[in-house]
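Thanks for coming. I will go through one structure and keep it short. Please have a look at it first.

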Amino acid sequence: GVPLGSLDLESVVQPLALNPWDVVLCISGTIISCENAIVVVVIFYSPAFRAPMFLLIGSLATADLLAGVGLMLHFAFVYFIPSEAVSLLTVGLLVSSFTASVCSLLAITIDRYLSLYNALTYCSERTVTRTHIMLLLTWGASIGHGLLPVLGWNCLQEPSACSAVRPLTRSHLVLLSASVLAVLAAMLQLYVQICRIVCRHAHQIAVQRHFLAGSHYGASSRKGIATPAVILGTLASCWLPFAIFGLLGERGSAALCAHAALLPAAYNSLLNPVIYAFRNREIQKVLWAACCGCVSPSPPFRSRSPSDV
């Protein structure tokens, strides 16, 4: 069969020819790490970013940062420090970080929905508690999932059970793919509800201002639908190749197919800061202040809904 390069951890003890796909993944990991490190520093350094929505964005950026670091470490250990045991740790880190990234996206979507559905009671201590619970569940499940290959759920002792993305077993890859599809389905359902709420609110405002009803309702509705469409479209285009490959790919699939499925998933971590952080006006203010040499750790932010993010 076709050798799988860095995806085949059984071959790390042998000298490997440099795979261009692995170079692309390593470079992507470097860019992902730098980009998300900016978001993490901005959010966790400034006391102004302690609202639930910023904690969830920080969780997403942290997960994507770890994913970028994992891609770089995996490349380094495969080509420069060949070690099957250490490579298992990097695979566990990648599984944990990508799982935390997808789960953080779901948590952000849940928070957006609740901020609209329970708008009057959203800014309360109950929301903070709920956010902390979602963070604990997200990272607890993600770390536990990442530990599975390290603790023995791998195919190093049973090559016949290997998936195309070694050392993950076929059943583990199917579980990961099914989990991604479940998150996509849940987010789709939540954003459908969000669009309905936004359109209903826009219609109510338009009725109150009947002389602008047509233009106001149309513009508000388009804006309310466009943002979820971009978010879901980006997530689906990045993760569906991996999910489909995981469910339908054969054990002996070529390395090209495996890398072609993994690369878009990695690029989701590259796009997340643009969609969820850099578009936020408060974060933009801090970044501009930092670029201009101004120090303003606690700017007077107004309260915003996660739906504005």
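Start with a length check on helix 1: at 1.5 Å a residue, its 26 residues should span 38 Å, and the end C-alpha atoms are 37 Å apart, so the two values agree. Keep in mind that this is a predicted model.

What caps the N-terminal end of helix 1? Asparagine 19 does, with a side-chain oxygen 2.9 Å from the backbone nitrogen of tryptophan 21.

Now the packing. Two packed helices are described by the angle between their axes and the distance between the axes. For helix 1, residues 20–45, and helix 8, residues 281–291, the axes come within 11 Å and cross at roughly 100 degrees. An angle from 65 to 115 degrees counts as roughly perpendicular, and therefore that is how these two helices lie to each other.

Which residues meet there? From helix 1 we have Ile38, Val42 and Ile43, and from helix 8 Ile283, Val286 and Leu287. By class, this contact has six nonpolar residues, no polar and no charged ones.

Last, confidence. The mean pLDDT is 81, with 80% of residues at 70 or more. Residues 9–14 fall below 50, though this stretch has 21 contacts in the model beyond near neighbours in sequence.

Methods: Residues numbered from 1 in each chain as written. Heavy atoms only, no water. Axes fitted to C-alpha atoms, helices over the stretch in contact; angles between N-to-C directions. Helix = DSSP H or I, 4+ residues; strand = E, 2+ residues; numbered from the N terminus. Parallel < 35°, antiparallel > 145°, perpendicular 65-115°, else oblique. Contact = heavy atoms within 4.5 Å. Nonpolar A, V, L, I, M, F, W, Y, C, P; charged D, E, K, R; others polar. pLDDT = per-residue confidence, 0-100. Expected span 1.5 Å × (residues − 1). Polar contact = N/O pair within 3.5 Å; in protein donor to acceptor, adjacent residues only side chain to side chain.
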